[in-house]
Amino acid sequence: AVLMFDVELLDMKPGVPEGYLFVWTDKPPAKLHEELDSNQDGEILLEEFTRYIMAQVDQGTGRLSPIDDPDKLINDMFKNQDRNQDGKITPDELKLKTDEDNEQIVKDEL
């Protein structure tokens, strides 16, 4: 017996580079911390972070990895940025993945 299937591609979502959970479709904002900090108290809470990232995805200015649930990805992104794990992101903690990658290259070269 032979089974034959017709397969039709209904939707194709662009991915993100390996090691990334979110990418900008253009350049990231110059003052990212200020944009993320909706109440301008100097700290970004998970709720502010989630709202901002989802707005970027909805507007098409950012893209989340299609491999996992968006809420899980955003929580992981927040935990990565909240370097001291105190539940908020300060300007000193916030770094783009590309900046971290560039710092690692410099360290590797030394």
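Visitor: Which backbone nitrogen lies 2.7 Å from a polar atom of the side chain of Asp-82?
Guide: The backbone nitrogen of Gly-87 lies at that distance. Please note that this is a predicted model.

Visitor: And where is Asp-82?
Guide: Asp-82 is in the loop that lies between helix 3 and helix 4, the latter being residues 97–109.

Visitor: Is Asp-82 buried or exposed?
Guide: Asp-82 is buried, yet no salt bridge is formed. Lys-88 is the nearest side chain of opposite charge, 8.2 Å away, whereas a salt bridge requires the charged atoms to be within 4 Å.

Visitor: What else is Asp-82 in contact with?
Guide: Setting aside neighbours within four places in sequence, Asp-82 is in contact with Gly-87, Lys-88, Ile-89 and Glu-93.

Visitor: Turning to helix 3, which residues are buried there?
Guide: Leu-73, Ile-74, Met-77, Phe-78 and Gln-81 are buried. They lie on the same side of helix 3, because they cover an arc of only 135° around the axis.

Visitor: What do the buried residues of helix 3 pack against?
Guide: They pack against strand 1 (22–24), helix 2 (46–59) and strand 2 (62–64).

Visitor: How many residues has helix 3, and what is its reach?
Guide: Helix 3 has 12 residues, 70–81, and reaches 17 Å from first C-alpha to last, close to the expected 16 Å.

Visitor: Now the overall layout: in what order do the elements run?
Guide: From the N terminus, the order is β-α-α-β-α-α, with four helices and two strands in the protein. Of its 110 residues, 25% count as buried.

Key. Residues numbered from 1 in each chain as written. Predicted model: local features only at pLDDT ≥ 70, side-chain atom pairs only at ≥ 80, totals over all residues. Heavy atoms only, no water. Expected span 1.5 Å × (residues − 1). Buried < 20%, exposed > 50% of the residue type's maximum accessible area, 1.4 Å probe, protein only. Arc of directions from axis to C-beta. Contact = heavy atoms within 4.5 Å. Lys, Arg positive; Asp, Glu negative; His and termini not counted. Polar contact = N/O pair within 3.5 Å; in protein donor to acceptor, adjacent residues only side chain to side chain.
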